[in-house]
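Open the model in your viewer and keep the selection tool at hand.

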Amino acid sequence: MLRIAALPVAAVALSGCTVPAFGARPGPTTTSKSVFHLWQGFSVGAMVIGAFVVLLILYAVLRYRRKGDAIPKQTQYHIPLEMVYTVVPILIVFGLFAATLVVENKEVANPKTNVIVDVNAFQWGWKFSYPGTSTVVVGQTTENPTMVIPVNTDVHINLTSTDVIHGFYVKAFNFSRYALPGVDNQFTIRAVNTGTFFGQCTQLCGLYHSLMYFQVKVVTMDQYNSWLSNNSNPSAAQASNTANQQQTSTHVPSKPTASSGAN
Amino acid sequence: MTDVLNPPVTTPSDDHGHEEHHGPTGILKWITTTDHKVIGLSYTVTSVLMLVIGGLFAEIIRFQLATPNANLVSLAQYNELFTMHGSVMIYLFAGPFAFGGLANIIVPIQIGAPDMAFPRLNALSYWLYLTGAITMLAGFFTAGGAANFGWVAYAPLSNSINTPGAGADLWIGGLLLTGFSAIFTGVNLTATIFYLRAPGMTMFRMPIFTWNMLVTGILILLAFPVLTAGLVMLYCDRHFGTHIYSVTGGGVPVLWQHIFWFWGHPEVYILALPFFGMVTEIIPVFSRKPVFGYKGMIFATLSIAALSLGVWAHHMFTTGVVLLPFFSIMSLLIAVPTGIKIFNWIGTMWRGQIWFSTAMLMAIGFVVTFLIGGLTGIYLASPPLDFFTHDTYFVVAHFHSVVMALVLGGMAGLYYWGPKITGYLLNERYGKIQFWFLFIGTQVFTFPQYLLGLRGMPRRVAIYAHDPQWKLLNDWSTIGAILIGVSTLIFVVNVAVSWKKYPAGDNPWDAHTLEWFTTSPPPHHNFYRLPQIRSERPTWDYNHPEHRSLGHGKHPGLGDPHPEVVED
Amino acid sequence: MKAEAKLMLGLGLFFGLMCAVYWNWSLENAGGVMMFAGMLLGFLPGGYFYWWSRRMKARPEDDPYATQAGGAGVIGSFPGTSIWPFTMGMGAFLVVLALVFGIWFLIPGLGLVGWAVLGGTSEGRRGGKV
């Protein structure tokens, strides 16, 4: 049942370029591509149903304008018709649900991997540390701290928050997740294209929420390894154990300035 | 059966119509009234005022976002503005307008009752609502400004460390007051509908608006106490040193989200169902047909209510700590009864004689706008697509399609029932101009926001200097907001222009339900006489005895065991 | 009365089923407890209506053939104008302000609420209006 319902999605996935993008982008990760195809599938459905209903409304509105004082037939029920538009939506809904499950299971899967990044969100910035190494990247607001990850590798991310709830959102990955205080949120991303991708906090977290930027840089495994060794900083690793705000790292944080605070 | 089809007009049982004419006058009359029509009118006027206030906040927000790095308001002021915009619109406009305003006036008359079941509780509801609104808005006049943690007040941002100050406490206090007001209204509506129906007005002869208000009342009773409890705990966290929502003391921040959305999602239907009901009254009247699939409509309303309790965590998919498949399928299933409603509305218009009055135009605008909001809601019920769009402008656009549909429905309700309440019609020409501004403005306002969300613009950001390419779409959205603002001005002008100018008469629309059987405005305790009630359209049956609703197959009147009633 | 009973019992039953499925599946307590309470809210009035529906004959509003004359008689007592809802509302307002601006607001606040409780009840007991 689940596979049959997933067929349309597979069909959409196979014929990828012929189906319009409906405003979304495939993105550089494996999951972002599945989400994109799911998006296309939902959009085709929504467009077909929406167009059908709007045409019905337009037809009714134009065709049955009041032309006289005649009172139309007082029809109140048409049971077969009502059954049709109850049962058909239920079938559609279960189809959508099956397609959802396929992509969802992909997204929540956590395969074992050696590349792990601890992402810690705080007011108002990000700290990316790489367990097992001494590399720590910290940056506040417009400093745009950069998380470097290797391409074609599963990257396991542990997402936490120091204070309030933040949203880890990289637009290109078609993915977001809350950074919750007291919760260790874990997910895996696997980028298949290199590049630099913009990220931003999406969950309101106080005054400088608008400025809580970061970047994700996807590089080759060699570049990643050399980046790690170039940026290892024993003192930073020690410092990061004590507190987030006192860092000596690749980025020198500063309080938000007047310009970044937008008056 | 002629005596059924041409029922004798009878005087209602006990003559309520003539007592209490020597009460106080002037402002004391307004303060001491227990008449549901006066209370409902107070509610309506207050909530429309709140719509204007919330709308002004929205216009400021849109002007701020018209340029990427605007400094019309500061970051702090911006946070206050969108928090209060959301709070005013959700807590102080949409709900109170529907279940305190129009429902308060219309429901007792639709079921032939002399008043609400608890008139003094009804008056108390209004005073709690008014003082709650004042309390919440008073935050702007405190030193720290109004509440600024968003209308959802997520813990731990809403605790006393991250949001100190009286503004947040006033927000909590205001919400406690309006919450109790809503609970009392829910009690009142449910009791009135269960116990004060006129003879012959069986449950399955109640107009759909009354049905929807009954279900709204039940949902209020389910949902609002949860919010009130959550707020009390939030206040304790802020002031009494408890750690219910804070990690440091062993609490769970996500608990607030569970509690808030356990209220918040039924609240979505508490807001929407009354407007569904209004539209379901209006479309049949102006199509000159009974509502298509009356029983299916009730079934749909009940299923929405039943499912609404099990979908709250679809607001929390990205927390990573909720059961995704359960909430996904429950949320997707709600599309089914909603779809039934939309098809029933189309079925009602089908082969009808549609009169494009302003109320009807607004109702059709509601259906189209709600369709858009509903279809985009289906995306959000799918966790992967929610991860994709959560907390971006896509979500903002989705729920603004929905709530702007409610505004269209509310305007339809005002144009439709306004004459019953005041005795005077509104100007139709101004009304139609208002409709086009409102309808086109709504689409121009929301469509760019859908695209902005897909391009990654997060909610609740005051500046987007990083992404100046978002400016064009934001500008279109601002133009839409201006059009909506203009439509509101046209409405105000319309009220001024048509002030006591076009007497309505008892039944200007040739409508179906009992409220059109009495005078406009209705007398104290509503009725001098009542017709026999033999279907859900007693006034229509009285006026057009030869055009009763056709039953289906062997099943005649609903809830009616006697087939001969509709054998004409 | 039967339709009302069926409605509330049906809602309660559905909430109960949903609660059972959800609680067993997710093991998350907050939502489980709230859904359980939702079920009770369906069963409580539903059970009451059902109990009554078996003990009383159909009311005029439940009878599809009822005439208006059939409903004759006093259907209840509706109060006339009353100052007490306003008094109580203002009292509640002051109580809430006490949460924000200081505990001393409680004195006039609770005073007004208490006064309104007394006044409202005695007004109801006098029952002069209808």
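**Stop 1: a residue pair**

Select K127(A): its bridge partner is V138(A), which sits in β3(A). This is a predicted model, where local features need pLDDT of at least 70, side-chain atom pairs count only at pLDDT 80 or more, and totals for chains, interfaces and linings use all residues. Residues are numbered from 1 along each chain as its sequence is written, while chains are lettered from A and ligands numbered from 1 in the order in which they are written.

**Stop 2: the sheet**

Select residues 125–129 of chain A. This is strand β2, antiparallel to β3(A) over five bridges. (Strands pair if DSSP finds at least two bridges between them; helices, H or I of at least four residues, and strands, E of at least two, are DSSP runs numbered from the N terminus.)

Now widen the view. Five strands of chain A make an open, mixed sheet, ordered β3-β2-β1-β5-β8. Its edges are β3 (136–140) and β8 (185–190) of chain A, each pairing on one side only.

**Stop 3: where chain A touches chain B**

Show chains A and B together. Here 69 residues of chain A contact 78 residues of chain B (contact: C-beta atoms, placed from the backbone, within 7 Å). On the chain A side, α2 (30–63), α3 (79–108), β6 (166–170) and β7 (175–179) each give two or more residues. Which element gives the most? It is α3(A), with 14 residues.

**Stop 4: chain C**

Select 2–64 of chain C for domain 1, then 84–124 for domain 2; such bounds come from an automatic or database domain assignment. The centres of these two domains of chain C, taken over C-alpha atoms, are 35 Å apart.

Terms used
Two residues are in contact if their C-beta atoms, placed from the backbone, lie within 7 Å.
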